[in-house]
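This briefing concerns the annotated positions of a structure and one of its helices. Please consult the sequence and coordinates shown here alongside the notes that follow.

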Amino acid sequence: MTAIPAHAELILPAPAKLNLMLHILGRRADGYHELQTLFQFLDHGDELGFSLRQDGEIRLHTPIDGVPHDSNLIVRAARRLQEASGTTLGADIWLDKRLPMGGGIGGGSSDAATTLLGLDHLWRTQLGEERLAEIGLALGADVPVFVRGRAAFAEGVGERLTPVELEEPWFLVAVPQVFVSTAEVFGAPELTRDTPPIKVRSLLAGGGRNDCQPVVEKRYPEVRNALILLNKFVSARLTGTGACVFGSFPNRDDADKVARQLPGTLPSFVAQGRNISMLHRRLQALAKK
Ligand SMILES: C[C@@](CO)(OP(=O)(O)O)[C@H](O)COP(=O)(O)OP(=O)(O)OC[C@H]1O[C@@H](n2ccc(N)nc2=O)[C@H](O)[C@@H]1O
Ligand SMILES: Nc1ncnc2c1ncn2[C@@H]1O[C@H](COP(=O)(O)OP(=O)(O)O)[C@@H](O)[C@H]1O
């Protein structure tokens, strides 16, 4: 049963992302860390439904446990877009939450980006992708890449994006049942913060790692165990600050086979890596109608 009613005017996907690698180059004066990371989308994610309201209200009808209505990134994104565009319109919004929260696969950021692009479409704000990415950045470092919808090499805190063409393998993503705090990982004294910058060209030739992984493995045994289990079949890595870990496969069958061998205590899903996000594919199809 989906949480989105059939009468919703617009239904759009909010795909997950993976950080295929993540290097930490240093710390800025404001405490945020300078990164180099490679983002690719997955063809698996949340789904959002939108309908217009004439009274200017923003109502999310599907609350997330533990996240107050007004703190939900969906509601915050909608309000920012109202302010930036000056529209008097509002929206009813429904969320079908399928992605684990706090897993390093960007569910909240993707929901925010889908809200920005979905309401931009419904409200006809005409703000343009550049401005929407800027509004997104104020909500979270990962929002701009979802607004752009292209696999990218990201620098800065993730806002300087260079689109890249990557292979599109199948990924098995394991979901350790633990919440990893991004702030804790970036605050850890033992975190590597001095990885030398690399050029996108050498990265695409192979290599790279996730500098957060040793910290997360040490502090979260659930993640360490998931990596040990997955590493028996495939070279596994952490995405973002975790908790999810992933490995890549040339086809879906191979990924499914390994998924079936994981214990019931370690949920997982299989999805394909995509260079153009499902959200953008859907919006392009709508534009052609
Ligand atoms: C590292 C990434 C990679 O995709 O991890 P995931 O959240 O996806 O795991 C993201 O850039 C996460 O960005 P974002 O989602 O905006 O981070 P937040 O949760 O807001 O950050 C929580 C805290 O982590 C620290 N932080 C975050 C990002 C960054 N580049 N440097 C930092 O030092 C800051 O102290 C911040 O207050
Ligand atoms: N729509 C949303 N979906 C998920 N999380 C949200 C949302 N709105 C706010 N949040 C908050 O953002 C936190 C991080 O969520 P998420 O994006 O799923 O993790 P990550 O950045 O690790 O991939 C959640 O724990 C929750 O408190």
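A residue is called buried at under 20% relative accessible area, exposed at over 50% and partly exposed in between (1.4 Å probe, protein chains only). This is a predicted model, in which local features need pLDDT of at least 70, side-chain atom pairs count only at pLDDT 80 or more, and totals for chains, interfaces and linings use all residues. Residues are numbered from 1 along each chain as its sequence is written, and side-chain values use heavy atoms, with hydrogens and water left out.

**Annotated site**
- An unreviewed UniProt entry lists Lys17 and Asp142 under "active site"; such annotations may be inferred rather than shown by experiment.
- The two cluster in space, with a largest C-alpha distance of 9.3 Å, although they are spread over 126 residues of sequence.

**Lys17**
- Lys17 belongs to strand E1 (residues 10-27), strands being DSSP runs of at least two residues and helices (H or I) of at least four, numbered from the N terminus.
- Lys17 counts as buried because its relative accessibility is 3%.
- Beyond four places in sequence, Lys17 touches residues including Phe39, Gly104, Asp142 and Thr239, where contact means heavy atoms within 4.5 Å.

**Asp142**
- Asp142 sits in the loop between helix H3 (129-137) and helix H4 (143-148).
- Outside four places in sequence, Asp142 touches Lys17, Phe39 and Ser109.

**Helix H2**
- Helix H2 is mostly covered, with 15 of its 17 residues buried.
- Just after H2, Arg124 adopts a positive phi of about 50 degrees.

Definitions and conventions
Chains are lettered from A and ligands numbered from 1 in the order in which they are written.
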